[in-house]
Every structure is written in C-alpha cells, then in structure tokens.
Amino acid sequence: MVPTFSGKSAFDYLTRQVDFGPRNPNSSGHAACLEYLVSALRASADTVSVQSFSHEGYEGEQLALSNVIASFHPGLSDRILLCAHWDTRPRAERDEVPGKQHLPMIGANDGASGVAVLLELAKLFKQSPPPIGVDIVLFDGEDYGKEGDLDRYLLGARHFADTKPGDYVPRFGILLDMIGDAHLEIPQERNSLRFAADVVELVWGTARQLGVSQFVAEPGEELYDDHIPLNNAGIKTIDLIDFNYPDFTNRFWHTHQDTPEHCSAESLEAVGSVLAHVVYGMATNR
C-alpha cells in the first residue's frame with residue numbers, strides 16, 4: 001500500500017526554508033538552512049552525510065558549498081536517486097525593479113519547492129520503508145552563475161557526479177525543480193526524453209493512472225539543469241520542471257515575485273503523490 005503524501009505538510013517545509021531568507025552560498029540564510037535540512041533528514045533517513053566542497057566564485061570569492069545526501073536501505077545495491085537543488089539565486093536580474101535586481105531572492109519555487117517534496121517523501125520512507133534503496137540528494141550551487149555563464153551553474157550536481165563511486169549506478173534519477181507553481185503544468189523536458197525516455201514514460205504513465213493532470217504528456221523545452229551532469233556520469237535522470245512560472249510569460253522566474261503565495265500545497269501534493277507511487281511500485285532485486 002502506498003502511503004498518502006501530504007501537500008500541506010510539504011508546503012510547511014517550503015515556507016520553513018523561505019523563512020531563512022535568501023539561501024545563496026556564503027549567506028547567513030544558507031548556513032542556517034543547511035543545518036535545518038541536515039537535521040530534518042536525520043530524523044527520517046538511515047544515513048545522512050554532508051559533501052562539503054569549495055568553488056571559486058566571482059571576484060575571487062570562495063564559495064563554501066554543501067550537498068546533503070540521505071540514504072534509505074543503504075546496504076542495497078538496487079537503488080534510485082531523487083534530487084533537487086536547495087540553494088537560491090544571489091541576484092534577481094529579471095525583476096521588474098532595476099534597483100532590486102542585484103539583491104538575492106528567496107526562491108520559494110526555484111529552490112524550496114523540490115526540497116519540500118523530498119523532505120516529505122523522506123518522512124514517508126521513515127514511516128513505511130520503500131521496497132528499494134533510495135538516495136535523496138540536495139544539491140548546492142545550482143543557481144549561482146550569471147546568465148550565460150554556464151560554467152558557474154550546477155556546481156553541486158557536477159561535484160556529486162565527478163566524485164561518485166564508480167559502482168554507484170542507480171536504476172535512474174528524478175530531479176525536481178520549480179514544481180511548486182500554483183498553476184502547475186509539467187511537460188516532458190526534452191533532454192529527459194533524449195537521455196531517459198523510459199523513465200519519462202514511467203513517471204507520466206503513473207500520473208496518468210492516478211489522474212494527476214499537472215503532468216502534461218507533451219514535449220517541453222530543452223533545459224540545462226542538474227540532470228545533465230548526472231546523465232553525463234551514467235546516471236539516467238529526468239527533470240521534472242515547470243519552467244513557465246506562472247505561465248509562458250515566465251514573469252516570476254529569477255525575480256522577487258518567487259514567493260510562497262505563487263506556490264501551492266496542491267501542486268506539491270501532485271508531484272509528491274506521483275513520486276510516492278513510482279517509488280513504492282518498484283520491484284527490488286534483494
């Protein structure tokens with residue numbers, strides 16, 4: 001039996017993150033939120049580790065970055081990977097107020113939403129252990145780079161992919177990014193279709209069976225996100241993302257309008273319920 005995923009509880013996890021303020025690297029909110037995330041996952045997972053590393057930022061700034069890795073059934077070799085980025089953007093260059101574009105954003109959708117769903121799933125996995133090994137990885141430094149400077153994006157996912165053990169090859173990975181939009185519509189991201197069409201079919205097929213209409217079975221945009229370094233490292237990974245936030249005008253993305261009132265518990269529950277059914281529906285090779 002698949003346990004019930006609570007969108008309300010997940011939304012509480014979203015607002016708790018936002019309460020720390022901006023969570024861009026080297027900020028006080030970043031440090032406080034890291035402590036919170038580690039504590040929350042330790043309450044649920046069998047093992048939790050912090051993968052700390054540094055990266056040179058702009059103007060010689062040394063970024064102190066941390067991926068958080070929580071594992072369930074760590075002794076099983078048959079595993080799946082669930083991931084999201086937990087950092088927020090240190091600038092809001094698409095904000096309509098020029099004087100606020102240099103200020104860091106709080107990232108309710110772009111940062112907190114995917115993490116919120118994974119924290120609630122972790123709680124379910126504690127209460128009802130899944131039938132397969134699961135790793136939840138929260139990536140840091142996804143959104144640091146200035147627009148066009150791709151080398152300074154996806155820092156945590158790159159580090160994880162570059163340093164993973166050679167024998168760590170989960171069945172597949174699912175990345176969550178910007179899935180809290182109150183007007184949620186998740187198309188099939190094109191790189192996901194290229195790298196892992198079978199996983200796309202598994203997830204959208206599950207959504208179809210559950211009657212979850214927020215998963216739209218048509219190709220979306222091709223996006224450069226944390227799933228790219230994972231796929232390049234041999235981990236077949238798809239990206240669940242509604243880039244049109246709140247719609248095709250994209251007007252909340254990378255602005256100070258990315259706030260909890262533009263997200264919803266219903267959207268988090270739609271995504272979390274589908275993922276819960278995917279995970280608990282997995283056969284295991286124990």
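The structure holds nine aromatic pairs. This is a predicted model, in which local features need pLDDT of at least 70, side-chain atom pairs count only at pLDDT 80 or more, and totals for chains, interfaces and linings use all residues. Residues are numbered from 1 along each chain as its sequence is written, and side-chain values use heavy atoms, with hydrogens and water left out.

Student: Are the rings of Tyr58 and Tyr144 stacked or edge-to-face?
Tutor: Rings of Phe, Tyr and Trp (its six-membered ring) pair if their centres lie within 6.5 Å; planes under 30 degrees apart are stacked, over 60 edge-to-face, the rest tilted. Here the centres are 5.2 Å apart and the planes lie at 20 degrees, so the pair of Tyr58 and Tyr144 is stacked.

Student: How many residues apart are Tyr58 and Tyr144?
Tutor: Helices (H or I, at least four residues) and strands (E, at least two) are DSSP runs, numbered from the N terminus. Tyr58 is in the loop between β1 (47-56) and β2 (62-72). Tyr144 is in the loop between β4 (133-139) and α4 (155-163). The pair links distant parts of the chain, and the separation is 86 residues.

Student: Is Tyr144 buried or exposed?
Tutor: Buried means under 20% relative accessible area, exposed over 50%, and partly exposed in between (1.4 Å probe, protein chains only). Tyr58 has 17% and is buried. Tyr144 has a relative accessibility of 4%, so it counts as buried.

Student: Which charged end sits over the ring of Tyr58, 4.5 Å from its centre?
Tutor: A charge sits over a ring if NZ of Lys or CZ of Arg is within 6 Å of the ring centre and within 35 degrees of the ring normal. Lys146 lies over the face of Tyr58, at 4.6 Å from the ring centre. The charged end at 4.5 Å belongs to Arg152.

Student: Is the pair of Trp204 and Phe215 stacked or edge-to-face?
Tutor: Trp204 lies in helix α5 (residues 190-210) and Phe215 in strand β7 (residues 215-219), so the pair ties together parts that are 11 residues apart in sequence. Both Trp204 and Phe215 are buried. Their ring centres are 5.4 Å apart and their planes lie at 80 degrees, so the pair is edge-to-face.

Student: What does helix α2 reach from its first C-alpha to its last?
Tutor: The expected span of a helix is 1.5 Å times one less than its number of residues. Helix α2 (residues 28-42) has 15 residues, with 21 Å expected. The reach of α2 is close to that, at 22 Å.

Student: Which elements do the buried residues of α2 pack against?
Tutor: The buried residues of α2 include His30, Cys33, Leu34 and Leu37. Contact means heavy atoms within 4.5 Å. The buried residues of α2 pack against α1 (7-18), β1, β2, α3 (108-127) and β4.

Student: Which residue has its backbone oxygen 2.8 Å from a polar atom of the side chain of His256?
Tutor: His256 is in the loop between β8 (237-241) and α7 (265-280). At a relative accessible area of 17%, His256 is buried. Leaving aside neighbours within four places in sequence, its contacts include Ala92, Asp95 and Leu103. The backbone oxygen at 2.8 Å is that of Lys100.

Student: Which residues is Ser6 in contact with, leaving aside its neighbours within four places in sequence?
Tutor: Ser6 is in the segment before α1. With a relative accessible area of 26%, Ser6 is partly exposed. Its contacts are Glu120 and Glu269.

Notes:
A polar contact is a pair of N or O atoms within 3.5 Å; within protein, one must be able to donate a hydrogen and the other to accept it, and residues adjacent in sequence count only if both atoms are side-chain atoms.
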